Amino acid sequence: MSDEEHVKPARPKQKRPVLYLAEFETPGQVFTAAEKVRDAGYRRWDVHTPFPVHGMDGAMGLSDSRLGWIVLACGLTGCSLALGLIWWTNGIDYPLVIGGKPPFSFPSSVPVMFELTILLSAFGAVLGMLGLNQLPRHHHPVFYSSRFERGTDDRFFISVEASDDKFDLDETRVLLESLSPSHLELIQEES
Amino acid sequence: MASETKSEKKAAPERYRIPREAAWANAWKLAAGMGVVGLALAGVAWSGDPHRFAFSWLFAFMTVLAIALGCLFFVIIQHMAGASWSVSWRRVPEIFASGLPVFALLFLPIAFSVDELYPWMEHQGQHDAHEQATEQEGGEHASGESILGASTALAQEHGEAAEGEGHAVGGHEHTPQHAQHAETIEAKVAFLNPGFFYGRALLYFAVWALLSWFFVSRSTSQDTKRDFETTKSMQSWAPLSTFAFALTLTFAAFDWMMSLEPAWYSTIFGVQYFSVAAVSSLATIIAVTYALKNAGILGEAVQTEHYHDLGKLMFGFLVFWAYISFSQFMLIWYASIPEETTYYHMRWNGGWQTFTLALALGHFIFPFFFLMSRNIKRRVSLLAFGAAWLLVMHVLECFWLVMPYANEGGGLELHWMDVASVLAVGGCYLAVVFFRMTQLPLIPVGDPRLQRSLRHEVV
């Protein structure tokens, strides 16, 4: 054996495992499987389905998204930024009497406060969503699998990434096999 | 508890009825008692001070009417959207909307108090003899009989009377606009006259009674028929009904509330009353389903998922209310045209300033931040607290809309008649609603989409 390996110099590049991809045929199967993976304590894993499966958040043990807090912070920033801007420019820096109103008058700044709140909230929501999802991203190892193409059609997948602390080539395989997937493959990447 | 209600859900549909021994079965008696006490007090009030009573009654009437109309709106809009998520809670607003015909009776005190309430009554038949008429009115004002709420009434005043009373409205000066206001009102007499006013009121009540009868009777007949045809017919009538609803609500708000100050106008006033109706009715739906669910009557038909979405709707319409209210204020504030600013002058002077600011804080700022979080909307007891809070604010909002016209000075003044009127109107209406509740299944058990609604989930 060892001789052969010496004769054939090792493959040009070594492959390292990046994730297990388990395929299921029904949403029910993937749902119960997800609960098991959740209970096994994995953190870096995902479920891929062609359509939203109700209750999957709970089955995966996902906590509430942090996006709301980002949006709130952005909204409050926009609101106070608008108020501060108008107060400073109209009331302090360059007071102008417009329409017989005091140089700084609160009611006329409300529309701007409203608009900037909406604007920055929208920025926060879109950019925050992209950031939390680690997007944009041009590739993901799941696409090495040709079976994964059916993930947008009629198959349901669970992927468990090797970067998970609990990931173990054998233990994770045993766990995933116990969920009786219709197909299980180890996806490797050239390192 | 959970397992118990689960079995109820699977049990026969009769389980969604209020059991004979439940407290809810007697709720209508309590409401009726409130109504009787309120009506008795209202009788005393009417004979004692018919002027103040008329305003108290109008305030109470518009407060409770908003809830009933908002419920009708949500029934119609669910059919128009073909919504299935809302099926399990739709019966509650249906029952609240079915009480709408009661308001035709409750309108009688207003119909008999038109002279007390509406300044435009003084302008009837004055097209030809304007000068003569204003003299007569001057006399009436001096005797303290007529209504002064707005600059509109001042519009016909001459000399000292105008100065004296103008001061009471907050030092607002009217002198240049007097003649113009009188003319403005007289130009509106073709619309604002008793005959047309009563005719329109009849039309509104007819339309509301028809709409509530149609949608509620179809829905209840579906309880036994269990067919999809009924759903389709409600769906096909929903768009036209929405038009009828929008027009009647808008003009009712113009007629009964905005014409309290006939020289003043705001094209968004009808929308403003609609937003009041939407917020208060959603708050009512949330509070009542919460109470029914706590009593174990609704089983698991209305779940956290439904409350979450109802909460979102309530939050959305709360923002809508603030948006509309502020838009109206800002346009008037910015233009600063005297005949428009009177509306806010009256609500800023004579003790109203604190009230107005408290309303802005209590009806918007606090509930906005309170209801914003998903976690609050999904903790149903906290959501129910928000709903109850908004109902209290709703009463204050209607008070704010009507009562500045109640006394001659326009000052803020709480009167026992206000409470009595709310008791009377609310009691009579709720007695009918709660009685209907004892007779019907509390969810539309025959709606083909009920199962989908029961499995509703916020994704």
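**Chat on a two-chain model**

Trainee: Where does B:Leu361 lie?

Mentor: B:Leu361 lies in helix H17 of chain B. Please keep in mind that this is a predicted model.

Trainee: Is B:Leu361 buried or exposed?

Mentor: B:Leu361 counts as exposed, because its relative accessibility is 52% and the cut-off for that class is over 50%.

Trainee: Which residues make up the nonpolar surface patch?

Mentor: The patch is made by A:Leu76, B:Leu361, B:Ile365 and B:Phe369, and its area is about 370 Å². Helix H17 of chain B, which spans residues 352-372, gives the largest share of the patch, with three residues.

Trainee: On to the interface. How many residues are in contact between chain A and chain B?

Mentor: On each side the count is 14: 14 residues of chain A are in contact with 14 residues of chain B. The two chains bury about 1,100 Å² between them, and carbon and sulfur atoms give 72% of that area.

Trainee: Which residues of chain A lose the most area to chain B?

Mentor: Those are A:His54, A:Lys101 and A:Pro107, which together account for 42% of what the chain A side buries.

Trainee: And how many salt bridges does the rule find across the interface?

Mentor: The rule finds one salt bridge between chain A and chain B. The side chains of B:Arg374 and A:Asp64 meet in a salt bridge, at 3.8 Å from N to O.

Trainee: What does the secondary structure of chain B come to?

Mentor: Chain B has 21 helices and zero strands. Of its 459 residues, 58% count as buried. Among contacts in chain B with a separation of 6 or more, residues 24 or more positions apart account for 81%.

Trainee: Could we take an example? What is B:Val207 in contact with, leaving aside neighbours within four places in sequence?

Mentor: B:Val207 is in contact with B:Ala244 and B:Thr248. The C-alpha atoms of B:Val207 and B:Ala244 are separated by 7.3 Å, although the two residues are 37 apart along the chain. B:Val207 lies in helix H12 of chain B, residues 194-225. It is buried, because its relative accessible area is 19% and the class requires under 20%.

Trainee: Where does B:Ser266 lie?

Mentor: B:Ser266 lies in the loop between helix H13 (228-256) and helix H14 (269-294) of chain B. At 9% relative accessibility, B:Ser266 counts as buried. Beyond its neighbours within four places in sequence, B:Ser266 is in contact with B:Phe254, B:Met258 and B:Gln328.

Trainee: Now the backbone. Which peptide bond is cis?

Mentor: The bond from A:Leu135 to A:Pro136 is cis, with omega near -5°. A:Pro136 is in the loop between H5 and strand S3 (156-161) of chain A. In general, most peptide bonds are trans, and most residues other than glycine have a negative phi.

Trainee: What is phi of A:Gln134?

Mentor: Phi of A:Gln134 is near 55°, a positive value in a residue other than glycine. A:Gln134 is found in the loop between H5 and S3 of chain A, and at 48% relative accessibility it counts as partly exposed.

Trainee: And B:Ser336, what is its phi?

Mentor: B:Ser336 has a positive phi of about 55° although it is not a glycine. B:Ser336 lies in the loop between helix H15 (304-335) and helix H16 (338-346) of chain B.

Conventions: Residues are numbered from 1 along each chain as its sequence is written. Chains are lettered from A and ligands numbered from 1 in the order in which they are written. This is a predicted model: local features need pLDDT of at least 70, side-chain atom pairs count only at pLDDT 80 or more; totals for chains, interfaces and linings use all residues. Side-chain values use heavy atoms; hydrogens and water are left out. Patches are made of residues with over 30% relative accessible area and no salt bridge: like charges are joined within 9 Å, nonpolar side chains (Val, Leu, Ile, Met, Phe, Trp, Tyr) within 5 Å. Accessible areas come from the Shrake-Rupley method with a 1.4 Å probe; for residues, only the protein chains shown count as cover. A salt bridge is a side-chain nitrogen of Lys or Arg within 4 Å of a carboxyl oxygen of Asp or Glu. Helices (H or I, at least four residues) and strands (E, at least two) are DSSP runs, numbered from the N terminus. Buried means under 20% relative accessible area, exposed over 50%, partly exposed in between (1.4 Å probe, protein chains only). Contact means heavy atoms within 4.5 Å. Buried area is the accessible area (1.4 Å probe) that two parts lose on being put together, summed over both.
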